[in-house]
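Good morning, and thank you for the time.

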Amino acid sequence: MKRLFLAAIAVAAPAWAQFDPPAWTRPIPPVRLIGAIDYVGTEGLAAYLIRTRDGAILIDATMAENVPAIERNIRALGVKLRDVKLILVSHAHFDHAAGLAAMRRDTGAQVVAGAGDAEALETGIPPGETTYGVIRFPAVPVARRVRDGDRVTLGGTTLRAVATPGHTPGCTTWTMKIARGGRPLDVVFPCSVTVAGNRLFGNTRYPGIAQDYRASIARLAALPADVVLPAHPEMADVLERAKTGRLVAPGLLRQIVLKARDDFDREFLRQGRVAK
């Protein structure tokens, strides 16, 4: 199956091998998180299911070969695939977007993504320039292109799009509110602010990348967040926190983002020296 997948998206073996941790494709059972939010992804790549009275919202579909496992997890939670009405996208990189086309086909859901990533999703060509080359993914039509502050509502549940470009031009952080024990909580699904191979200098396809990173890092560091659910679960230790009842963690997002800022500053200096 893996060979077929590689051929389908025309990925060069060295590029793929660099970004293929076993946990990314290791299936796990669904995990109940908080409120109506469940984890349906693999051990190393997150997909989040949000149940509403009018159907479900899925955040990300990860890689194409993970789609059957994600679909099994959705069904295991008692949700029919056709009840998934919306798929919200964090960003247009293969590890989070390559499964969108298959998931859309199987569910009939509408794909909602940041306007800056829509062209990449509809062509299957990731935006910007990286040190590891171009890793394509199956193209998928985007039903709605959201911008900063736009809201997406289904069955009385609303998520707000927070534009946090840098990792990709349309990198979108999704936020929502839930109630727990009569207390309102801010849930944040942050888009990545890691450099992860992005070229910060001479990036002709994304010339403003460094400025966008800095602005998004500052914005995320100030964002209210009681629960942090990133696309790479280990960044917030999501699965362990869910197991031990520690998902509510005010201050965790800021801690994660400040570390990312330090990493960005070091990489910016390194790439700047090389670019001279």
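Predicted model: local features only at pLDDT ≥ 70, side-chain atom pairs only at ≥ 80, totals over all residues.

The structure contains one disulfide. In general terms, a disulfide is a covalent bond between the sulfur atoms of two cysteines. Here the partners are Cys171 and Cys191, with their sulfur atoms 1.8 Å apart. The pair connects distant parts of the chain: Cys171 sits in the loop between strand S9 (157-163) and strand S10 (172-180), while Cys191 sits in the loop between S11 and H7, and the two are 20 residues apart. The link is left-handed, with -80° about the S-S bond.

Are these two cysteines buried or exposed? Cys171 has a relative accessibility of 1% and therefore counts as buried. Cys191, at 2%, counts as buried too.

I now come to the salt bridges. How many does the structure hold? The number is 14, and I shall discuss a few of them.

Let me begin with Arg183 and Asp226, whose side chains meet in a salt bridge at 3.6 Å, N to O. Arg183 belongs to strand S11 (residues 183-189), and Asp226 to the loop between helix H7 (209-221) and strand S12 (227-228), so this pair ties together parts that are 43 residues apart in sequence. Asp226, by contrast, is buried, because its relative accessible area is 11%, and the cut-off for buried is under 20%.

The next pair is Asp186 and Lys177. These residues form a salt bridge in which the closest N and O atoms are 2.5 Å apart. Lys177 has a relative accessibility of 59% and therefore counts as exposed, the threshold for that class being over 50%.

A further example lies within one helix. The side chains of Glu267 and Arg270 meet in a salt bridge of 2.7 Å, N to O. Both residues are in helix H9 (residues 252-275), where they stand three residues apart, about one turn of the helix. Arg270 counts as partly exposed, because its relative accessibility is 39%.

Which residues are linked in a network of salt bridges? They are Arg32, Asp38 and Arg51.

To close, I would recall two pairs that connect separated parts of the chain.

Note on methods. Residues numbered from 1 in each chain as written. Heavy atoms only, no water. Salt bridge = Lys/Arg side-chain N within 4 Å of Asp/Glu carboxyl O. Buried < 20%, exposed > 50% of the residue type's maximum accessible area, 1.4 Å probe, protein only. Helix = DSSP H or I, 4+ residues; strand = E, 2+ residues; numbered from the N terminus. Disulfide = S-S within 2.5 Å.
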